[in-house]
Amino acid sequence: MYNYKYFRDSIPEWKRKKDPLIARFFYRPISFGISAICANFGINANAISYFSAIIGLISCVFIAMHNNVVNIVGAILINIWLILDCVDGNLARSVKKMPFGEFADGVSSYLLVAFLGIAIGINAYYNGGLLISKFNVLCVICGALVSIFDSVTRLVFQKYKVEELKICSYSANKKVEETSKKRTSLVERIQEAMGIGGWLPMFILVGIIFHFMDLVLIYCFIFYGAFFVLGNIRTIIHVIKETNAQMN
């Protein structure tokens with residue numbers, strides 16, 4: 001029988017350090033108990049990933065509706081999505097790694113980020129906030145750009161990783177994969193801590209409750225816009241360097 005302690009103790013040290021503080025002390029501990037229940041009922045990591053994808057889509061629809069109570073439910077679901085994201089990782093690492101596990105996890109993340117920015121923009125359009133008045137169409141435009149910024153940055157990076165693995169041997173692939181999991185740059189740590197895997201779900205919940213979703217939108221626009229520019233430039237520079245190294 002799996003229990004809370006089993007999953008708590010099975011988290012590797014590098015993963016503990018990689019988790020943002022709010023995940024380490026709030027989302028991850030909650031996920032240990034849920035992981036134990038899932039494992040004991042034979043629910044695998046891929047099933048959790050696909051279920052969390054549905055939760056993510058529903059949360060975006062709820063946040064975009066013109067009803068504050070429904071919006072709050074949507075924001076709570078975003079936080080549940082992050083807990084489930086921790087659960088599927090726990091199950092994959094400590095119970096059984098499923099075929100196409102990274103694909104299932106990616107589906108959940110990509111579907112959420114594709115619509116979350118748009119949902120935030122629509123919410124700010126309907127409700128306004130501290131700095132922006134209601135029914136400002138710029139909110140919807142900025143929300144759409146947030147989704148584009150995040151999605152394109154992820155796609156570019158994933159395409160880079162796929163091409164990188166193609167030119168490496170199998171043994172090198174394992175080394176690259178292990179290194180990428182255990183070593184995280186300062187930029188990546190900031191992105192994880194301040195984005196959808198860190199404080200953002202809680203920020204959205206508080207923003208909806210206290211009616212300042214315009215500030216959440218502005219934050220997301222600046223944050224994801226910066227990573228869109230800097231992240232893609234960084235990836236392209238890596239590609240150029242690795243291309244030159246391969247040619248020489």
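The model is predicted, so local features need pLDDT of at least 70 and side-chain atom pairs count only at pLDDT 80 or more, while totals for chains, interfaces and linings use all residues. Residues are numbered from 1 along each chain as its sequence is written, and side-chain values use heavy atoms, with hydrogens and water left out.

The protein chain holds 11 helices and zero strands, where helices (H or I, at least four residues) and strands (E, at least two) are DSSP runs numbered from the N terminus. Its C-alpha trace spans about 55 × 55 × 25 Å along the principal axes. Of the 248 residues, 39% count as buried, meaning under 20% relative accessible area with a 1.4 Å probe, protein chains only.

Turning to the helix pair, helix 5 (residues 68-94) packs against helix 10 (residues 200-209) at an angle of about 170°, with the axes 9 Å apart. Axes are lines fitted to C-alpha atoms over the stretch in contact, and angles run from 0 to 180 degrees between N-to-C directions. The two helices are therefore roughly antiparallel (over 145 degrees). Contacts (heavy atoms within 4.5 Å) involve residues including Ile-72, Ile-76 and Leu-82 of helix 5, and Met-202, Leu-205 and Ile-209 of helix 10.

How values were computed. Parallel < 35°, antiparallel > 145°, perpendicular 65-115°, else oblique. Buried < 20%, exposed > 50% of the residue type's maximum accessible area, 1.4 Å probe, protein only.
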